[in-house]
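Colleague: Please take a close look at one helix contact in this model. Which residues make it up, and how do the two partners lie?

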Amino acid sequence: GLSRAAPGQAAPDGSVPRLGIAGRDIAGPDIDRLIDERRPGYSLEAPFYISPDLFARDVEAIFASTWIFVGSVAEVPEPGDFVTIDIGTYSVIVIRDDDDGIRAHHNVCRHRGTRLLGEPAGSVGNIVCSYHQWTYTPGGELISAGAQAPGFDPACFSLRSVSVRTIAGLIFLCLGPEPHDIDEVAEVISPYLAPHDIAGAKVAAQVDLIEDSNWKLVMENNRECYHCEAGHPELTCTFFPTYGYAPDEIPPRLQPAYHRFLDAERRLHDNCDRNGLPFALVEELSGRPTGFRIERAALDGQGESYTMDGSAASAKLLGDLDTFTLGRASLHVQPNMWFHAMGDHIVTFSVVPLAADRTLVRTTWLVDADAEEGVDYDLANLTSVWMKTNEQDAAFCERGQLGVSSPAYLPGPYAPTEGHLDEFCTWYIERLKAHRERVSG
Ligand code: 3BY
Ligand code: FES
Ligand code: FE
């Protein structure tokens with residue numbers, strides 16, 4: 001008979017599960033079993049990456065329940081400036097209101113539900129529904145609804161709001177009715193980010209990539225640098241490929257890079273002390289509703305920026321910083337972002353799931369608001385390293401999706417340098433379990 005193994009494990013007789021058993025069930029996956037039997041230290045079972053049922057669960061349990069990253073205040077500098085973000089069938093407007101506050105509303109008219117703003121970004125005086133012209137302020141109040149019966153009270157028909165939180169200029173949303181406390185995370189990360197003055201920056205470039213890959217493969221790919229040496233020749237001009245290695249496990253061929261890193265870290269820490277910048281690693285990627293990691297670390301080469309030689313791409317320092325040699329302040333927040341702040345620019349990344357096998361990766365480069373294109377920075381020089389890196393990563397993720405879609409795929413072991421992937425999956429399974437408990441009463 002067929003000896004059935006636990007997920008990803010050899011059966012008692014040493015055989016691996018037969019094809020067609022490991023990856024999928026014809027009747028749709030048993031999501032509860034998959035959640036309960038996740039094997040720590042291993043990549044997830046195939047349905048997590050390929051199943052539309054799991055995708056729908058991810059939208060509800062993760063993206064509609066936890067804090068997610070949308071972008072920065074620099075994307076909506078003036079009252080009425082907005083961005084929209086679509087998550088599954090949700091759509092949310094993030095808009096700067098007339099009091100300069102950042103607000104978020106469901107993109108659903110309170111008359112008969114019509115989608116209000118169809119563009120990914122733009123600027124409005126008020127939010128006007130195209131169907132019967134109900135009109136809302138950027139703050140979400142209904143100020144005009146023609147031809148209503150007497151007694152109609154516009155105050156009852158404000159846009160439905162979404163919880164929004166800005167942390168040192170980074171905008172996070174929570175679609176769920178009871179957002180988790182994010183204050184503690186904000187307190188820890190703000191001192192690292194605030195000196196880069198995101199509110200005083202402007203968008204120099206924004207690029208959307210749509211990758212034929214599950215959002216979790218995109219996140220996992222970002223959380224390791226095991227692939228950097230072979231996969232990112234441009235990024236590793238400045239990003240040390242020793243990332244993720246324990247100091248005593250660095251392979252001989254990376255020793256020269258590691259010694260450059262240690263030297264650069266000494267210089268960096270002097271500069272941090274003088275500018276009052278924290279640099280210590282704080283890492284709580286799982287075990288809490290908002291898993292995160294922040295550090296400031298040295299860059300290779302000139303140590304200033306993500307360029308081919310590591311020298312600054314923009315001539316204007318951010319905020320009140322007094323040197324470009326500040327390496328990278330890097331932030332990871334579960335489930336959907338990574339971020340790097342340098343002395344001269346900032347680059348933000350947001351990940352939005354579109355389907356089980358399609359994901360939007362939005363990259364935004366910020367420079368000081370006074371920096372002039374062609375004078376203080378060259379756009380190609382500013383963006384080329386991460387443009388190439390993103391393309392390389394997209395290719396890895398797409399090949400990854402093809403691989404995990406094969407009936408032959410079995411979860412494989414994370415390497416020691418891939419500890420953050422295991423943490424990502426641990427956090428993810430924790431959130432799926434928390435959601436399951438909430439909905440089952
Ligand atoms: O962008 C990042 O933060 C990650 C860290 C390691 C690989 N990747 C560059
Ligand atoms: Fe928006 Fe009628 S549905 S005004
Ligand atoms: Fe990569």
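Modeller: In helix 3, Arg-57, Glu-60, Ala-61 and Ile-62 meet Tyr-428, Arg-431, Leu-432 and His-435 of helix 9 (contact: C-beta atoms, placed from the backbone, within 7 Å; helices: DSSP runs of H or I, at least four residues, numbered from the N terminus). Sorted by class, this contact has 4 nonpolar, 1 polar and 3 charged residues; Ala, Val, Leu, Ile, Met, Phe, Trp, Tyr, Cys and Pro count as nonpolar, Asp, Glu, Lys and Arg as charged, and the others, Gly among them, as polar. The model is predicted, with pLDDT of at least 70 needed for local features and 80 or more for side-chain atom pairs, while totals for chains, interfaces and linings use all residues. Residues are numbered from 1 along each chain as its sequence is written, and chains are lettered from A and ligands numbered from 1 in the order in which they are written.

For comparison, the axes of helix 5 (residues 215-222) and helix 8 (residues 379-404) come within 9 Å and cross at roughly 130 degrees. Helix 5 and helix 8 are therefore oblique to each other. On the helix 5 side the contact involves Leu-217, Val-218 and Asn-221, which meet Asp-393, Phe-396, Cys-397, Gly-400 and Gln-401 of helix 8. This contact has 4 nonpolar, 3 polar and 1 charged residues.

Terms used: Axes fitted to C-alpha atoms, helices over the stretch in contact; angles between N-to-C directions. Helix = DSSP H or I, 4+ residues; strand = E, 2+ residues; numbered from the N terminus. Parallel < 35°, antiparallel > 145°, perpendicular 65-115°, else oblique. Contact = placed C-beta atoms within 7 Å.
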